[in-house]
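Take a moment with the sequence and the model. We will walk through them step by step, starting from one side chain and its neighbour.

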Amino acid sequence: MGLARIAIAVLAVSLALGLVIVGGVSLWGALTKDASKTASTAPDPSSSAAAPSDTAKSKRSAPSAQSGNEIDVQCLAAQCQIYVAGPSATDPIWQGALVHGERKNYTGTRLLLKVDDASTVSVVVNGRQQARGRHGQQRTYYAPARQR
């Protein structure tokens, strides 16, 4: 009877240790998953690919009353991490990486764009080119612009 209790205890400890290891591996995988792999492969209806030159001028102009506000972001480095939300900061529209030359355009009543490195992107908010940040500087852009 004593040997059976020891066997059951060893089995229970082994099972608990196995669950801890499986949970740890799953957590590690979730935290280190590449953002570009988690991005949706379906095209985002609120963004567009690089526009032809004749429509590029209309994108640079101030948005009409119908479209609300507009943020246009273009990646200038090998990879740029961005987060776009609206109408509040907790309503994500898109999050992920852009590759060199990729451009995304978003319109809405209120938009927020966060970039990990402001020196790697070109941002136009409501037709106005925004100043580029320093290397490694995180920056948040708002449309409409917040009063300071």
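Which residue lies over the face of Trp94? Lys104 does, at 4.5 Å from the ring centre. This is a predicted model, so read each value as computed from predicted coordinates. What is the count of aromatic pairs? It comes to 0.

Now step back to the whole chain. The chain has 3 helices and 8 strands. Start at the N terminus and follow the elements: they run α-α-α-β-β-β-β-β-β-β-β. The chain has 148 residues, and buried residues make up 28% of them.

Begin with helix α1. It covers residues 2-32, which is 31 residues. From its first C-alpha to its last, α1 reaches 45 Å. That is close to the 45 Å expected at 1.5 Å a residue. An α-helix has 3.6 residues a turn, so residues three or four places apart point the same way. How many of the residues of α1 are buried? The count is 0, and α1 is hardly covered.

Next come the strands. Strands of a sheet pair through backbone hydrogen bonds, either parallel or antiparallel. Here, 4 strands form an open sheet in the order β3-β2-β5-β8, and the pairing is antiparallel. Which strands are at the edges? They are β3 (92-99) and β8 (139-143), each of which pairs on one side only. From one strand to the next, the twist averages 15°.

Look at one pairing within this sheet. Strand β2 spans residues 79-85. β2 and β3 pair in the antiparallel sense over 7 bridges. Gln81 stands opposite Ala97 in β3.

Val121 is 40 residues from Gln81 in sequence, yet their C-alpha atoms are 9.4 Å apart in space. Val121 is found in strand β6, residues 121-125. Is Val121 buried or exposed? Its relative accessibility is 2%, so Val121 counts as buried.

Now find the cysteines. How many disulfides are there? The count comes to 1 disulfide. Cys75 and Cys80 form the bond, with their sulfur atoms 2.1 Å apart. The torsion about their S-S bond is about 80°, so the disulfide is right-handed. What of their surroundings? Cys75 has a relative accessible area of 1%, so Cys75 is buried. Cys80 counts as buried because its relative accessibility is 1%.

The backbone has some details to visit as well. Most residues other than glycine have a negative phi, and most peptide bonds are trans. The peptide bond from Gly86 to Pro87 is cis, with omega near 0°. Ala143 and Pro144 are also joined by a cis peptide bond, and here omega is about 5°. Pro144 is found in the segment after β8.

Last, turn to Asn126. Where does Asn126 lie? Asn126 is in the loop between β6 and β7 (128-129). Its phi is near 50°, a positive value in a residue other than glycine.

Methods: Residues are numbered from 1 along each chain as its sequence is written. This is a predicted model: local features need pLDDT of at least 70, side-chain atom pairs count only at pLDDT 80 or more; totals for chains, interfaces and linings use all residues. Side-chain values use heavy atoms; hydrogens and water are left out. Rings of Phe, Tyr and Trp (its six-membered ring) pair if their centres lie within 6.5 Å; planes under 30 degrees apart count as stacked, over 60 as edge-to-face and the rest as tilted. A charge sits over a ring if NZ of Lys or CZ of Arg is within 6 Å of the ring centre and within 35 degrees of the ring normal. A disulfide is a pair of cysteine sulfur atoms within 2.5 Å. Buried means under 20% relative accessible area, exposed over 50%, partly exposed in between (1.4 Å probe, protein chains only). Helices (H or I, at least four residues) and strands (E, at least two) are DSSP runs, numbered from the N terminus. The expected span of a helix is 1.5 Å times one less than its number of residues. Two strands pair if DSSP finds at least two bridges between them. Axes are lines fitted to C-alpha atoms, for helices over the stretch in contact, and angles run from 0 to 180 degrees between N-to-C directions.
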